[in-house]
Each structure stands twice: as C-alpha cells, then as structure tokens.
Amino acid sequence: MLRSSGRELFFHTMPRNGGKKYYSTDFILSGLDGISPVEIRMSGYRTHASLDAFCRKFRGRIQNRYVISAKDLKEEDGITFIPVYMTMFL
C-alpha cells in the first residue's frame, strides 16, 4: 500500500548490544521535516523495541512514529498506532 501510493520506502537494521541479533525498522518514510519510522506488529503490538532503538539513535530527525497493527487507531507515548486498513493514509 505504501509503495503503490507513491512513497519511496527505506529499511534499516542495526546490531543489538550483543551483536548476534539486530533491530530492524520495517519502513522509513521520508518527508520534508524529517523521517518517520514504521513498524509492523500483528501480535504483541505493545512492544516495539526496534522502533524505540531507532528513535533513540536518530532522535533529532524523527518526524512521526507509527506502528501498523490489527488493533484500533490510537496515539500513545508519541506513537500513532494505525490499523492495517488505514496504511494508505500515511
């Protein structure tokens, strides 16, 4: 949906402290005022360690933070949780 709406998509990985596992940001949307990381969570949407680590690392460049899930639309702690069917509006 994101690609078909004309968005250029980016992906980012960075090693965790142990070095054997990685944080991965599913999508990064670029905008005029910064970047917006997007994490896809179909289960356990309350945990978003990769999104949090990405936002800590690039805190000065973050415009919005999104989690796409099967749950209802809500905003919590500066993160917008979007149901899958609303992805086209990002």
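## Thr87

Leaving out neighbours within four places in sequence, Thr87 is in contact (heavy atoms within 4.5 Å) with Met1, Leu2, Ile68 and Ile82. Thr87 belongs to the segment after E6; helices (H or I, at least four residues) and strands (E, at least two) are DSSP runs, numbered from the N terminus. Thr87 counts as buried because its relative accessibility is 7%. The classes are buried, under 20% relative accessible area, exposed, over 50%, and partly exposed in between, with a 1.4 Å probe and protein chains only.

## Basis of the values

This is a predicted model, in which local features need pLDDT of at least 70 and side-chain atom pairs count only at pLDDT 80 or more, while totals for chains, interfaces and linings use all residues. Residues are numbered from 1 along each chain as its sequence is written, and side-chain values use heavy atoms, with hydrogens and water left out.

## Thr80 in strand E6

Strand E6 spans residues 79-83 and includes Thr80. With a relative accessibility of 19%, Thr80 counts as buried.

Apart from neighbours within four places in sequence, the contacts of Thr80 are Arg65, Tyr66, Val67, Leu73, Lys74 and Glu75. One of these residues, Lys74, also takes part in a salt bridge, described next.

## Salt bridges

Side chains of opposite charge can pair when their charged atoms come close. A salt bridge is defined here as a side-chain nitrogen of Lys or Arg within 4 Å of a carboxyl oxygen of Asp or Glu. Searching the whole structure gives 2 salt bridges.

A salt bridge joins the side chains of Lys74 and Glu76, with an N to O distance of 3.2 Å. Lys74 is partly exposed, at a relative accessible area of 23%, and Glu76 is partly exposed at 32%. Another salt bridge links Arg41 and Glu39 through their side chains, at 3.6 Å from N to O. Here Arg41 counts as partly exposed, its relative accessibility being 24%, whereas Glu39 counts as buried at 5%.

## Glu8

Glu8 is located in the segment before strand E1, which covers 9-15. Its relative accessibility is 53%, so Glu8 counts as exposed. Once neighbours within four places in sequence are set aside, Glu8 is in contact with Arg3 and Ile28.

Glu8 and Lys74 are 66 residues apart along the chain, and their C-alpha atoms are separated by 25 Å.
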